[in-house]
Amino acid sequence: APPVLAIVGRPNVGKSTLVNRIIRSKQAVVEDVPGVTRDRVSYDAEWNGKEFTIVDTGGWEKDARGLHQRVAEQAEVAVEEADAVVFVVDGLVGATAVDEAVVRMLRRKKKPVLLVANKVDSQAQMAEVYGLWNLGLGEPHPVSALHGTGTGDLLDAAVKAM
Ligand code: GDP
Ligand code: MG
């Protein structure tokens, strides 16, 4: 089976938009309402001739209850089943307490992690991105899933990590 790349992060950071960019189709549901993707959803993907499976998740929340807890559990399962993980944060907001909790969850799983700062739609928005080095996950990859910028560099790194 091809290697698996899981996309995780808090709700509304643009995970599904990024998945759609990568699979070059609009199959993953994008919504302004957080938590629309409730389960792990897998898609066939390919970059530079390397095939892989990409798994979209509904978003990870700290101290989640009820439905949100189930969504968070699905994200953890996706990480457990993955060969590498793309951790998406909102590059306009920077790292939040929930993002830091995601980092702790990811550390426990011991999988290779690529840090993505999404929603960096213009060069003027790079300032928040440098602060993300503090998460201790290495170099942040600035991306605009909306415009498609930065996704090539991200996929180069992801394919190497899988
Ligand atoms: P998810 O909950 O993490 O899957 O986030 P979605 O992909 O559903 O996106 C949530 C919202 O963020 C939607 O309104 C998207 O259009 C918006 N969004 C996603 N990527 C970008 C981006 O690169 N730039 C901007 N400005 N908005 C984005
Ligand atoms: Mg989504």
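# Chat about strands, core and loops

Me: Starting in β6, which residue is the bridge partner of Val116?
Reply: His141 is the partner of Val116 there. Helices (H or I, at least four residues) and strands (E, at least two) are DSSP runs, numbered from the N terminus.

Me: OK, what kind of model am I looking at?
Reply: This is a predicted model, where local features need pLDDT of at least 70, side-chain atom pairs count only at pLDDT 80 or more, and totals for chains, interfaces and linings use all residues. Residues are numbered from 1 along each chain as its sequence is written, while chains are lettered from A and ligands numbered from 1 in the order in which they are written.

Me: Big picture then: how many helices and strands does the protein chain have?
Reply: There are 5 helices and 6 strands. From the N terminus, the order is β-α-β-β-α-β-α-β-α-β-α. The protein chain is as compact as a globular protein of 162 residues, because its radius of gyration is 14 Å, close to the 15 Å from the globule rule. That radius is taken over C-alpha atoms, and the rule is 2.2 Å times the number of residues to the power 0.38.

Me: And what does the C-alpha trace span along its principal axes?
Reply: About 40 × 40 × 30 Å.

Me: What share of the residues counts as buried?
Reply: 40% of the 162 residues do. A residue is buried if 20 or more other C-beta atoms (placed from the backbone) lie within 10 Å of its own, exposed if 12 or fewer, and partly exposed in between.

Me: Back to strands. How does β5 pair with β6?
Reply: In the parallel sense, over 2 bridges, with β6 covering residues 141-142. Two strands count as paired if DSSP finds at least two bridges between them. β5 also runs parallel to β4, joined to it by 6 bridges. Val88 has Val116 as its bridge partner in β5, and Phe87 stands opposite Leu115.

Me: Which strand pairs with β4 over 4 bridges?
Reply: That's β1, again in the parallel sense. Val8 has Phe87 as its bridge partner in β4.

Me: What handedness does the β4, α3 and β5 unit have?
Reply: It's a right-handed β-α-β unit. Right-handed is the term if, with the strands pointing away from the viewer, the path from the first strand over the helix to the second runs clockwise.

Me: How many residues of β4 are buried?
Reply: 6 of the 7 residues in β4 (84-90) are, so the strand is largely enclosed by the rest of the structure. For β5 the count is 6 of 6, so it is largely enclosed too. On one side of β5 the buried residues are Val113, Leu115 and Ala117, and on the other Leu114, Val116 and Asn118.

Me: Which residues have the most contacts inside the largest nonpolar core?
Reply: Val8, Val85 and Phe87, in a core of 40 residues. β4 gives the most to this core, with 6 residues. A nonpolar core is a set of buried Ala, Val, Leu, Ile, Met, Phe, Trp, Tyr and Cys residues joined through C-beta atoms within 7 Å. In soluble globular proteins, nonpolar side chains tend to be buried together.

Me: What is Phe87 in contact with, leaving aside neighbours within four places in sequence?
Reply: Its contacts include Val8, Val102, Leu106, Leu115 and Leu137. Two residues are in contact if their C-beta atoms, placed from the backbone, lie within 7 Å.

Me: Switching to α5: which residues are buried there?
Reply: Thr151, Leu154, Leu155 and Ala158. They cover an arc of only 95° around the axis, which puts them on the same side of α5. The arc is that of the directions from the helix axis to the C-beta atoms. The face turned away from that buried side carries the exposed residues Gly152, Asp153 and Lys160. Among the elements covering the buried residues of α5 are β1, α1 and β2 (41-47).

Me: Last topic, the loops. What is phi of Asn12 near?
Reply: 80°, a positive value in a residue other than glycine. Most residues other than glycine have a negative phi. Asn12 lies in the loop between β1 (4-8) and α1 (15-23), and it is partly exposed, with 17 other C-beta atoms within 10 Å.

Me: And where is Lys110?
Reply: In the loop between α3 (97-109) and β5 (113-118). Phi of Lys110 is positive as well, near 55°. Lys110 counts as exposed, with 8 C-beta neighbours inside 10 Å.
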